[in-house]
Amino acid sequence: MLTAGFLLRNLGNLLLRRRFEFQFDRIPMRTDNLSPRKIRNLFRIGWNRVFLLAKARGHPYSAHISPAGLCNLRCDSCPVHEDELKGKTVLSFNAFRKFIDEAGDYLIYIILWGWGEPLLNPDFHRMAAYAKGKNILTVTSTNLNRFSREEARKMIDSGLDALIVALDGVTEETYARLRTGGSAGRVIENTRILIEERSRARAKKPLVNLRMVVSKENEHEVEPFRQLARSLGVDMVSFKAFSTRQKGFADPGIDERYAPGNEGYRWYRYRDGFVPDRKPKRYNCRFPWTKPTLFPDGAVLACEFDFRYEHVFGNINDQSFEEIWFGPKARQFRTQFKADRDCISFCRDCVYDYKLIPGCTVEWEILKR
């Protein structure tokens, strides 16, 4: 999102209107009344988009915050139930508040989910509301299997900006193959409840994006899924390519099992044996300079894919964010990343490398303005 060209195109909005408009995963986002500090920081951190310096020139403008390292479902491609995943707890509100109090003066938006189901955290809505009080946009993704009208009202009252409902099939048979332990019917009904409560409250938020991750298992349901989204009255429907390296390593067998037959929905172009073609460029990653990840136990890392904690910058429960972000461990990691990122295990098989699409979403439609 944040490039020199993007900042120049938005220069008028930023300086004259103090407004910032962008897309997060094709979801339209906009924030108004940006503080001069946040605007200055955008340009400072933009410097690190161009020059990979060991020292961060500014504070992060976004953050990936995981409210829960636990999940009520068991999906084959997700590492949440594996022993190597760290931070298998829920993020305390105190740790979240400390992070936001210390980094929030610079943050434009936060991603409120990680390797787990965010709504399992009893303080989730309180967190979203607290971030909104700092003029920080909030977006989350949920399997929406555990939900109620009371939860819906809390979510609406929190001011959450955008909600991705992860429903990967319109039939129970298809859904069960991908989201073990869940129910498609339950997710559909809970989505209906949220839309009803939002209408009753005459609220505009959260924007609800019904999402399908397209794989070989469910690609035959793409059109029925689109029709379902329209019938539910959600704001947006989107189709995400299936990323096959969620567990942090390349395995042609996983690609062969899950890659959809329709090449238009594929994450990669494949050679023989389902080995990804490396002709597309590697991802121009700047996460170590622009977007920290906060795990539920308070650990701060460069990327959510460092779920084995190989390069922890620090812990928000023990240090200030300033000490962590500008500290020696973060600087050492950036130096190593700049010199040879392939020596970092979770970077060597990065899911974003060699992909065919600019983001994660291959097809989308805004159903309501």
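I started at the end of α6, where Gly159, just after the helix, has a positive phi of about 85 degrees. Helices here are DSSP runs of H or I with at least four residues, strands are runs of E with at least two, and both are numbered from the N terminus.

Before going on, a note on the source: this is a predicted model, so I keep in mind that local features need pLDDT of at least 70 and side-chain atom pairs count only at pLDDT 80 or more, while totals for chains, interfaces and linings use all residues. Residues are numbered from 1 along each chain as its sequence is written, and side-chain values use heavy atoms, with hydrogens and water left out.

**α6, buried side**

I looked up which residues of α6 are buried (under 20% relative accessible area, with over 50% being exposed and partly exposed in between; 1.4 Å probe, protein chains only). They are Ala152, Met155, Ile156 and Ser158. These sit on the same side of α6, because they cover an arc of only 160 degrees around the axis, taken from the directions from the helix axis to the C-beta atoms. The buried residues of α6 pack against α5, β6 (162-166) and α8.

**α6 with α8**

Next I checked how α6 (residues 149-158) meets α8 (residues 184-200): the angle is about 55 degrees and the axes are 9 Å apart. Axes are lines fitted to C-alpha atoms, for helices over the stretch in contact, and angles run from 0 to 180 degrees between N-to-C directions. The two helices are therefore oblique to each other; under 35 degrees would count as roughly parallel, over 145 as roughly antiparallel, 65 to 115 as roughly perpendicular, and the rest is oblique.

I then listed the contact (heavy atoms within 4.5 Å). From α6 come Arg149, Ala152, Arg153, Met155 and Ile156, and from α8 Ile193, Leu194, Glu196, Glu197, Arg198 and Arg200.

**α4 with α5**

For α4 (residues 93-103) and α5 (residues 124-132) I noted an angle of about 15 degrees and axes 11 Å apart. That makes α4 roughly parallel to α5. Phe93, Phe96, Arg97, Ile100 and Asp101 of α4 meet Arg126, Met127, Tyr130 and Ala131 of α5.

**Arg179**

Buried or exposed, I asked of Arg179? Arg179 is buried, with a relative accessible area of 15%. Arg179 lies in the loop between α7 (172-178) and α8. Leaving out residues up to four places away in sequence, Arg179 touches Leu73, Cys75, Asn143, Ala166 and Asp168.
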